[in-house]
Amino acid sequence: QLQASGGGLVQAGGSLRLSCTASGRTFGSAVMGWFRQAAGKEREFVAAIRWSGGRTLYADSVKGRFTISRDNAKNTVYLQMNSLKPEDTALYYCATGPLMVRDGSGYNYWGQGTQVTVSS
């Protein structure tokens, strides 16, 4: 299972930190990723990290503003989101998979999503 949390309402320019804790069958996956889906839009990749080694990958739209990190002892991945913009408003999902890819089809376990709303 993947349990995501940390979403909320924030003003533009503000920050939020999302968390995703893995347990059960998801625990052995090599990569944790974050995706988001805004109302009326397709799901898009945000960031990913390898549990071992910590290699990261970011979407161009969040590079320099968002930071993904992990705490292996807690089986938890974080997404620190700074300088938030109204266009970051979306339902954010965490997912695990074997490969570090931007395509959601490469992830086989998904969390329930946490809503992030950025007001202008």
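Phenylalanine 35 is buried, with a relative accessible area of 1%; buried means under 20% relative accessible area, exposed over 50%, and partly exposed in between (1.4 Å probe, protein chains only). The structure is a predicted model, in which local features need pLDDT of at least 70 and side-chain atom pairs count only at pLDDT 80 or more, while totals for chains, interfaces and linings use all residues. Residues are numbered from 1 along each chain as its sequence is written, and side-chain values use heavy atoms, with hydrogens and water left out.

Phenylalanine 35 and tryptophan 110 form a tilted aromatic pair, 5.0 Å centre to centre with 50 degrees between the planes. Rings of Phe, Tyr and Trp (its six-membered ring) pair if their centres lie within 6.5 Å; planes under 30 degrees apart count as stacked, over 60 as edge-to-face and the rest as tilted. Phenylalanine 35 belongs to strand 4 (residues 31-37) and tryptophan 110 to strand 10 (residues 109-110), so the pair ties together parts that are 75 residues apart in sequence. Strands (E, at least two residues) are DSSP runs, numbered from the N terminus. Tryptophan 110 also pairs with tyrosine 107 in an edge-to-face arrangement, 6.4 Å centre to centre and 65 degrees between the planes. Tyrosine 107 is buried at 5% relative accessible area, whereas tryptophan 110 is partly exposed at 29%. One aromatic cluster is formed by Phe35, Phe45, Tyr107 and Trp110.

The largest nonpolar core has 35 residues, of which Met32, Trp34, Leu79, Met81 and Tyr92 touch the most other members. Such a core is a set of buried Ala, Val, Leu, Ile, Met, Phe, Trp, Tyr and Cys residues joined through side-chain atoms within 4.5 Å. Strand 5 (residues 44-50) gives the most to this core, with five residues. Not counting residues up to four places away in sequence, methionine 81 is in contact (heavy atoms within 4.5 Å) with Gly14, Ser15, Leu16, Leu18, Arg65, Phe66, Tyr92 and Val116.

An open sheet is formed by four strands in the order 1-3-8-7, with antiparallel pairing. Two strands pair if DSSP finds at least two bridges between them. Strand 1 (2-5) and strand 7 stand at the edges with a single partner strand each, so one side of each is left without a neighbour in the sheet. From one strand to the next, the twist averages 15 degrees, with axes taken as lines fitted to C-alpha atoms and angles running from 0 to 180 degrees between N-to-C directions. Strands 7 and 8 run antiparallel and are joined by six bridges; arginine 70 has valine 77 in strand 8 as its bridge partner.

Threonine 67 lies in strand 7 and is partly exposed, at 42% relative accessibility. Leaving aside neighbours within four places in sequence, threonine 67 touches Tyr58, Tyr78, Leu79 and Gln80.

The loops hold two residues other than glycine with positive phi. Asparagine 75, with phi near 55 degrees, is found between strand 7 (66-71) and strand 8 (76-81). Serine 83, with phi near 50 degrees, lies between strand 8 and strand 9 (90-97), and is partly exposed at 42% relative accessible area.

Aspartate 60 is found in the loop between strand 6 (56-58) and strand 7 and is exposed, at 64% relative accessibility.
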